[in-house]
Amino acid sequence: MSNTSELEKKDTRSGFGDGLYEIAKQNDAVVGLCADLTGSLKMNKFENAFPERFFQVGIAEANMIGMAAGLATTGKIPFTGTFANFSTGRVYDQIRQSVAYSGKNVKICASHAGLTLGEDGATHQILEDIGLMKMLPGMTVINPCDYTQTKAATMAIAEMYGPVYLRFGRPKWPIFTNDYKFEIGKALHMREGKDVTIFATGHMVWYSIEAARLLAEEGISAEVINIHTIKPLDDEAILDAMAKTKCAVTAEEHQMNGGLGDSICQLLARKSPMPVEMVAVNDSFGESGTPEELLDKYGLGIVDVVAAAKRAIARR
Amino acid sequence: MSKSTQELSNYVSQTRRDIVRMVHAVQSGHPGGSLGCVEFFTVLYQNVLRQNASNFSMEGKNEDVFILSNGHISPVYYSTLAHKGYFPVSELASFRKLNTRLQGHPTTHEGLPGIRIASGSLGQGLSVAAGIAQGKKLDKEDKLVYVLMGDGELQEGQVWEAVMYIGHKLDNVIATIDVNGRQIDGDTKDIMGFGDLRSKFEAFGWTVLTMDGNNLEDVQDTLSKAGVLAGNGKPICILMRTEMGNGVDFMMGSHEWHGIAPNDAQLAAALEQNPETLGDY
């Protein structure tokens, strides 16, 4: 593991675009739909290579979700692309009835999730999407952490049958995963440790690794586990880690209510109650700013993960 | 082999009986809109759709596909599917009961043959039809996608997103609007009038036909004509005038029977007006 400055940076949405192109080359059934955000979603490569399998729906997200359900009915594997806000809250009833309840094999791919969308502000910075989507019966929810993992996840979801919510983001972010096979529902150990376990998802995985490095300088051994799949949750990996460290931090770019921390707290309350500190947005909307400024202001900075780890250990 | 008007009339009478009996048995459901669309469902399923009822497949490859967008008229849908052979007619007795495949609103969730999408929350079916139609284009099929919507349902904004998409990009969709002029709170013209529906659809690039939805010959002729016109560059909209509650005199002419069930005496009167032709379930 090296310092941020030495790592190549790339946006996770490019991982989606590249993954979609790669899987479409391998699987004729893959089709794409986009609601006037082809460039933002990095779907151009797919569109240019497979124009007959790309459907521009215009600024009409509800129709896009319904059409995806229809395409899935005919045996296609539709990937819908728009911002996370317009992929979830705006079309919740369409997803609930036409996709989830109808059991359609639709992949809802959502970019610009969370605070790191940045300057566009709170109208676009959805922080409730994981909660909305994980509540739907049968919905798989995945929030990969970097370019490489997003590309692998995009290809993996085409190979499983069933509705999926794939969440990724806008900013260029360090690429720190490589050379592993992405497995839906399997937690990934990023760093070993014995004093506290940090469960992180999305962009916050990198911040958690940085936090663990700072904690190590103070003699605290923090384990970092990448929970890319929030549903179904890897109960076994989480319980195994907790049996060892006995306290946890959860870190995510999402509301505290309904996110990864919420899922882990539920699991621990049912199976093995232990202290958990949550690094997440606390019942608030975001605002305009740079990604780093926003993460700091809303309590999602590296120092916040460090402080949460110390609180968790103190409560152990 | 097309069925004669007399044969179709027998289906109509039996389907009306099924509808009122199903709704009466559980004292819930939507008889009004169901009765208004009996002739449409009968002609569509008995004489128009190129379908494989005995071996239902979700994908419907090389078949015509029907999507019911206004899912609350499930009684007419279920009765029609059963009499076409998608599932046993006896199963109609389970309508809206615990553990049934015949849920209050249609669903794929319980695996009922003939159903390809859940509907009930209004305004979504035309988008699903657009997706299926796009899939058929991709597969180079010449088969068609039929969809039925209520006129009140056109108040949902998503419908117009789909109308716009289909008008711009597809010609293998035949969308029928059940223009019965009524919705839960009253007459559609008072709740949220549409003005001239024909010009609205035409403005979006659709070919518009009209028919009397309670006249078997007109339904047959218009659906046949729509099938010929489809696939020639423009999608087809059929404005189908119907009478809610058609065939049961005391249910006609009012929105009151949208979603309430007949009592014992009303059931008897309704059955009196519609003789048993194919055998009650």
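1. In this predicted model, 24 residues of chain A are in contact with 26 residues of chain B, where two residues count as in contact if their C-beta atoms, placed from the backbone, lie within 7 Å. On the side of chain A that touches chain B, helix 3 (61–73) and helix 5 (92–101) of chain A each supply at least two residues, and the largest share, nine residues, comes from helix 3 of chain A. Helices (H or I, at least four residues) and strands (E, at least two) are DSSP runs, numbered from the N terminus. The residues of this side of chain A divide into nine nonpolar, eleven polar and four charged; here Ala, Val, Leu, Ile, Met, Phe, Trp, Tyr, Cys and Pro count as nonpolar, Asp, Glu, Lys and Arg as charged, and the others, Gly among them, as polar.

2. As for conventions, residues are numbered from 1 along each chain as its sequence is written, while chains are lettered from A and ligands numbered from 1 in the order in which they are written. Local features need pLDDT of at least 70 and side-chain atom pairs count only at pLDDT 80 or more, whereas totals for chains, interfaces and linings use all residues.

3. Strand 4 (residues 77–83) of chain A is mostly covered, since seven of its seven residues are buried, a residue being buried if 20 or more other C-beta atoms lie within 10 Å of its own, exposed if 12 or fewer, and partly exposed in between. Strand 4 of chain A pairs in the parallel sense with strand 2 (residues 30–34) of chain A over five bridges, and V31(A) has P78(A) as its bridge partner. Five bridges also join strand 4 of chain A to strand 5 (residues 107–111) of chain A, again in parallel, with K107(A) as the bridge partner of F79(A); strands pair if DSSP finds at least two bridges between them.

4. Leaving aside neighbours within four places in sequence, A309(A) is in contact with several residues, including V196(A), I198(A) and V249(A).

5. E141(B) sits in the loop between helix 5 (125–138) and strand 2 (145–150) of chain B, and E141(B) is partly exposed because 17 other C-beta atoms lie within 10 Å.
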